[in-house]
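Here is a short briefing for a first look at this structure.

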Amino acid sequence: MNAPAVLIVEDEPDLRQLYALTLAKVGTAVDQASDVAHARQCLQAQRYSVLIIDMRLPDGSGLELLQELARAGRPERAIVVTAYGSADNAVQALKAGAFDYLTKPVSPARLRQAVVAALQASAPLSPTPALAAPDPSHNDALQQLVGDSEAMQAVRATVQRVARTMAPVLISGESGTGKELIARALHACSHRASGPFVAVNCGAIPPDLLESELFGHKRGAFTGASADRVGLFQAAHGGTLFLDEVADLPLPMQVKLLRALQERAVRPVGAVAEEPVDVRIVSATHKALAQLVQAGQFRHDLYYRLNVIPIHAPALREHPDDLPAIAAAILQRLAQRERLPAPPRLTEAALARLRRHPFPGNVRELENLLERALALHPGPTLDAEALALDAAAHGDAEIAADHDDAPLTRAELEARLQRNRWNQSRTARELGWTLAKLRYWMQRLGLAA
């Protein structure tokens, strides 16, 4: 079997030689090019598994070469090399289709790690049948993203297009739209599918514990640290780290997260040295992150780093034609969980009632509604009266009671949410409301991001 071919495009001879010697240890065949023109000649002569491209070249830029590869539909995985601190270049390269980026000076271990990951990602392009066989987990994960609407087709297409890169993805959308499902689909469709998927709700961890939870700690680092503990970054090594509700991170933690993303390393609390980590970052938020940046509540440089590939999780009202299919998929899943012989079927009257409901809680609200209906109305069909939407239309009877007059002004409710760092459960408890009532009035007052 032929060794995978790598093309190094770098104008400094010493660096080219260092890269070539480093990659010889992973069993690759290496070609070298000193500029864009030479690289084009090599690419005309043959195809490669991986390209290592410096961003600054004597006769052009690595970004220019990367864009040419994308236009030509070339299969090579490109790793770009940028100067230290050139975060803008790295982000632009990832948006242009680069698989990964490295920051100079590049350590041999980091280079080998990146190339091995790129080779794994390009493996399905091999003509070997065993490698070319589709992974059924890909289809399973994508099938969880139910719907044939244009909005859902766009989500699935983006997932398939960007899954097999290292580019960070930011998933935006209202609560209950399935942002974690999208994150899991990205993981399942990537070359990291056999690695761990670690999800963390950034708003659910007390601020004073965040650093230890994310990066780990050493024994004796603080009171109660009786043993070394691995952080979530280390737990996700070789896989995907999903940072849900990333907008809830306090500013000091945002600085540390940015460094971890830039350096591909973390320093556990109480440690004297950083530990390298190999993770793909996917983050999500229901808030308008760009507005938080303008308000000074979220770092611009971190937002720029996380938002390389944006994916919008559409609200259920944005693709109402998918409601019957989504409801059927939920009922199928609930029937399997309850070990029913077959999932119940929604009547046309039930579907008509669902279509009239605004669903401020999106798919999560639909799932809760169907789970309640299934529990209270067992049988082969669910009719309109089984859905109890007269109460559910406003979350519960308490919401319906003050439907006409808002119990708080928009400014008052927003102030409460901000004081609780937009933690909805905490705000609801403070107000003496149900969570459904809070979400309803957030939606009514235009506070649901």
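Ile-171 stands opposite Ile-311 in strand β14. The model is predicted: local features need pLDDT of at least 70, side-chain atom pairs count only at pLDDT 80 or more, and totals for chains, interfaces and linings use all residues. Residues are numbered from 1 along each chain as its sequence is written, and side-chain values use heavy atoms, with hydrogens and water left out.

**The sheet**

- Helices (H or I, at least four residues) and strands (E, at least two) are DSSP runs, numbered from the N terminus.
- Five is the strand count of an open sheet with parallel pairing, in the order β9-β10-β13-β8-β14.
- Two strands pair if DSSP finds at least two bridges between them.
- β9 (197–201) and β14 (309–312) are the edge strands; each has a single partner, so one side of each lacks a neighbour in the sheet.
- On average, neighbouring strands here are turned by 20 degrees against each other, direction ignored.
- Strand β8 (residues 169–172) runs parallel to β14, joined by 4 bridges.
- β8 also runs parallel to β13, again with 4 bridges.
- Leu-170 stands opposite Ser-283 in β13 and opposite Pro-310 in β14.

**Helices on the sheet**

- Helix α8 (residues 150–162) lies across β8, β13 (280–285) and β14, and runs at about 155 degrees to β14.
- Helix α9 (residues 179–188) packs on the sheet and touches β8, β9, β10 (240–244), β13 and β14.
- The direction of α9 makes about 155 degrees with that of β8.
- Such axes are lines fitted to C-alpha atoms, for helices over the stretch in contact, with angles from 0 to 180 degrees between N-to-C directions.

**Nonpolar cores**

- A nonpolar core is a set of buried Ala, Val, Leu, Ile, Met, Phe, Trp, Tyr and Cys residues joined through side-chain atoms within 4.5 Å.
- Buried means under 20% relative accessible area, exposed over 50%, and partly exposed in between (1.4 Å probe, protein chains only).
- The largest core holds 50 residues; Leu-7, Val-159, Ile-171, Ile-182 and Leu-186 have the most contacts inside it.
- Its largest share, 5 residues, comes from α9.
- Beyond four places in sequence, Ile-171 touches residues including Lys-179, Ile-182, Leu-186, Val-282 and Ile-311; contact means heavy atoms within 4.5 Å.
- A second, separate core has 32 residues, among them Leu-210, Val-246, Leu-292 and Leu-302.

**The largest pocket**

- A pocket is an open set of points on a 1 Å grid over the protein atoms alone, where a 1.4 Å probe fits, with protein on both sides within 12 Å along at least five of seven lines; lining residues have an atom within 4 Å of a point.
- The largest one has a volume of about 1000 Å³, the space filled by probe spheres set on points joined across faces, edges and corners.
- Its lining counts 39 residues; Gly-176, Thr-177, Gly-178, Lys-179 and Arg-364 lie nearest the centre.
- Helix α15 gives the most to this lining, with 6 residues.

- His-38 is placed in helix α2 (residues 36–45).
- His-38 counts as partly exposed because its relative accessibility is 28%.
- Apart from neighbours within four places in sequence, His-38 is in contact with Gln-32 and Ala-33.
- In α22, Lys-437, Leu-438, Tyr-440, Trp-441 and Met-442 are buried.
- Gly-446 follows α22 and has a positive phi, near 75 degrees.
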